[in-house]
Amino acid sequence: MKTNASVVIIGAGIVGCSTAYHLAQLGWTDIVVVDQGPLFATGGSTSHAPGLVFQTNSSKTMTLLAKYTAELYSQLSTEEGPAYYPVGGVEVAYTEARLQELKRKLGWAKSWGLEGACLLTPAEVKAKVPLIDAAKILGGYYVPTDGIAKALRAAEALAKGAGAAAKFYGETLVTDIKVVNGQVQAVVTDEGRIKTDKVLVCAGIWGPRIGRMVGEIIPLTPVQHQYVKTGPIPELATATAEVAMPIVRHQDHAMYFRQHQNCWGIGSYQHEPLLVDPDNILPYADAPVMPSVMPFTEEYFAPAWKSTQELFPAVAQAELTDKMNGLFSFTPDSGSVVGESAKTKGFWVAEAVWVTHGGGVGKLVAELMTSGVTSLDLHEMDIHRFPDVCKSADYVLKAGAQQYDEVYDIIHPLDQQTHSRGLRVSPFYPRLQELGAQFVVSAGWERPQYFETNANLLEEYSIPARQGWAAKNWSPIQGAEHLATRDRVALYDLTPFAKFEITGPGVVDYLQNLCANNIDKPVGKVIYTAMLDANGGIMCDLTVSRLGPQKYWVITGGSAHGHDLAWMKAHVPADSSVQIVDVSSSYCCVGLWGPKAEAVLQSLTQVDVSKSAFGFFTNRSFYIGNIPVLASRVSYVGEAGWEIYALSESGLKLWDMLWTAGQTHGMVAAGMGAFDTLRLEKGFLLWGSDIHTEYDPYEAGLGFAVRPEPGDFIGKEALLQRRDYPSRKLCYLTLDDPTAVVMGKEPVVADGKVLGYVTSAGYGYCLGRCIIYAYLPLGYATPGTAVTVEYFGNSLAATVVETLL
């Protein structure tokens, strides 16, 4: 065994082999891959995966990862045969709701560039899958490049493709990872010690055990999943190929199917989640079949067998010859976990990745480890996205169970988790409850979407009714709160904002290097800026407030908390000239906004808060009553007002004082529903949707927040090159029909081609029509350009506009 390595990859399943291959393609050498099982049937999830690759996903990133993976596997083979059979994939609809969902999926396919996707009639489904009873279905959705991955062949071929750059060792158990001063130093195995400063964990269901070796929680739970293979079926008696028929998903009954030559494979999620503690997974030598295969639970399969017989009458008399409960990984939000630990430098993770995405994730991880820049945005699978309250064993188990239970459900963007509520609440929470807040969860925080006590506003404001999908998890009260904010004054609970205090003699140079805007402004200024990656893509979107010569506050969204903090900490100079303290839990925040906000605040302080004395994008510290506050005159809703910060223990009193003072001005409490539509009307962007690493500030319309000169910052050179050769820009659009609403991710079409997709959308209650953001080619970005937006298969006319409100 090698005793030195540039990186040790733990796990020789599909992700480990893919990453080794892609690292080798990028010029890495001395790669070592170890696995406790024999190569390449190591006993993990890759070893038993039935291999169905359905590419369409609500996430652009996951769809494109699956697309790349299918293309990669199609180029691979071993002596046993090809690694991929592109037989196509069909998803069928039993219900009208599912048929509408398939239309939505077709929209995603168009948005993400998945070619050939189409809807099928029942007869067309029958023509592709003769075993199906067409009378039972309403239609189908078809992707011609979906298919079957032979995961073990793919893993072996990728390992071989890595060539001399990588050495693979099976039957080698990792027993420890040595860390000194927060840096990986070596991997200890039962076959010897390997010196390295980088470890990549691709251990799948064993991932949490490896994470504990360095104190890193990898939030996933292994869950048992039933898979059964029938004996020979007469209707397939003449089949000679392993698989020729399209794979099938029957999501209304939480099932999928595939051909095994003259037999039929049946996968079922139609049973309660069967969770397994990673510590209870047997060693390879002790497992009756393999560690990732558990005894079949016959009692849970009866409903699934009935569903199978109903949809495929031809298999009704078949014998069930092979049965297993296979283990797969589920995380709290069902996404993969990718990135470098914030606790241990050199400890990298690529976990909870299925065969469908294994090829693509390996490519992105290799890019990330090589240059820090990936070809797709990774925030949805970022290792830092989970706050600590979402990483307890209890939370991970309950969340994993819900994700398993809902894996094939029709999920609305605002559907909420049913477990582990109330973990993070602001000091204002009792008052929000008294006002009838309807809460949603974000990063563990309970956030009000709207307030039932504002129902009386509907007597004053007329809010257009909604139907169908757009009406789900929506209330007209949101529109009333929106209008009341524009007309009067409103309070918003902004406590979930992440707040970082950055100090030290090197703080100015540090932030100037990270931020695209100039942050070397006088004390009391607030600066809006992006932090970029080396390619000029938007890594973080935030405000920086200068509180002293060597003291700043950085404020970012709650969902970006861990992501942004990890990015900033990764660039802290080694000379201790900069310190970062996360003060998020120490301070609450309330948004006081609206035309009457100034009158409310002035009634509570002796400080002059007029516009002339307290200008936009400035901050001041003063007292509201007896409570010391820091107020920043900024607004994400486009109305005059402040973000007001106070120590958390004073928060409830602060709310009560503002609330009491606001009553004579018609003050309302408003929720996240209004918060989002207000920002849309004013052209403000949302990180993770409208902006992320795939976009740069210039094409996003944020060039005003970039300092081309003087000085340098991360990504500057790449950004200026991109500025000089633009191909697209973020555009504002409105739907021509004032009653129509779309939700986001729909394709934008003109001249018979897809131009882009909706990054954000919402009804502009002051504007009187739905607002859409989309990146469009420059030739279609001119105000007045007519386009269409495809929403559940319907073409809605829209127009590019120069400004909104």
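Tutor: Here is a walk from the whole chain down to single residues.

Tutor: This is a predicted model, so to speak of local features a pLDDT of at least 70 is needed, side-chain atom pairs count only at pLDDT 80 or more, and totals for chains, interfaces and linings use all residues. Residues are numbered from 1 along each chain as its sequence is written, and side-chain values use heavy atoms, with hydrogens and water left out.

Student: How many helices and strands are there in the protein chain?

Tutor: Helices (H or I, at least four residues) and strands (E, at least two) are DSSP runs, numbered from the N terminus. Here you get 18 helices and 43 strands. The radius of gyration, taken over C-alpha atoms, is compared with a globule rule of 2.2 Å times the number of residues to the power 0.38. The chain has 27 Å, close to the 28 Å that the rule gives for 805 residues, so it is as compact as a globular protein of that length. Its C-alpha trace spans about 85 × 65 × 50 Å along the principal axes.

Student: What share of the residues is buried?

Tutor: Buried means under 20% relative accessible area, exposed over 50%, and partly exposed in between (1.4 Å probe, protein chains only). In this chain, 61% of the 805 residues are buried. For contacts, look for heavy atoms within 4.5 Å. Of the contacts with a separation of 6 or more, 71% are between residues 24 or more positions apart.

Student: Where is Lys745, and is it buried or partly exposed?

Tutor: Lys745 sits in the loop between β38 (728-735) and β39 (747-750), and it is partly exposed at 32%. A polar contact is a pair of N or O atoms within 3.5 Å; within protein, one must be able to donate a hydrogen and the other to accept it, and residues adjacent in sequence count only if both atoms are side-chain atoms. The side chain of Lys745 reaches the backbone oxygen of Ser58 at 2.9 Å. In turn, the side chain of Ser111 reaches the backbone oxygen of Lys745 at 2.7 Å. Ser111 belongs to helix α4 (residues 96-112) and is buried at 10%.

Student: How many disulfides does the search find?

Tutor: A disulfide is a covalent bond between the sulfur atoms of two cysteines. The cut-off is a pair of cysteine sulfur atoms within 2.5 Å. The search of the whole structure finds zero. Take Cys540: its sulfur is 8.8 Å from the closest cysteine sulfur, in Cys515, too far for a bond. Cys588 is in no disulfide either, with the nearest cysteine sulfur, that of Cys589, 7.5 Å away.

Student: What about the backbone angles?

Tutor: Most residues other than glycine have a negative phi, and most peptide bonds are trans. Here, a cis peptide bond joins Leu39 and Phe40, with omega about -5 degrees. Ala254 has a positive phi of about 55 degrees and lies in the loop between β17 (247-250) and β18 (255-260). Phe792 has a phi near 50 degrees, in the loop between β42 (786-791) and β43 (794-801). Ala254 is buried at 16% relative accessibility, and Phe792 is buried at 13%.
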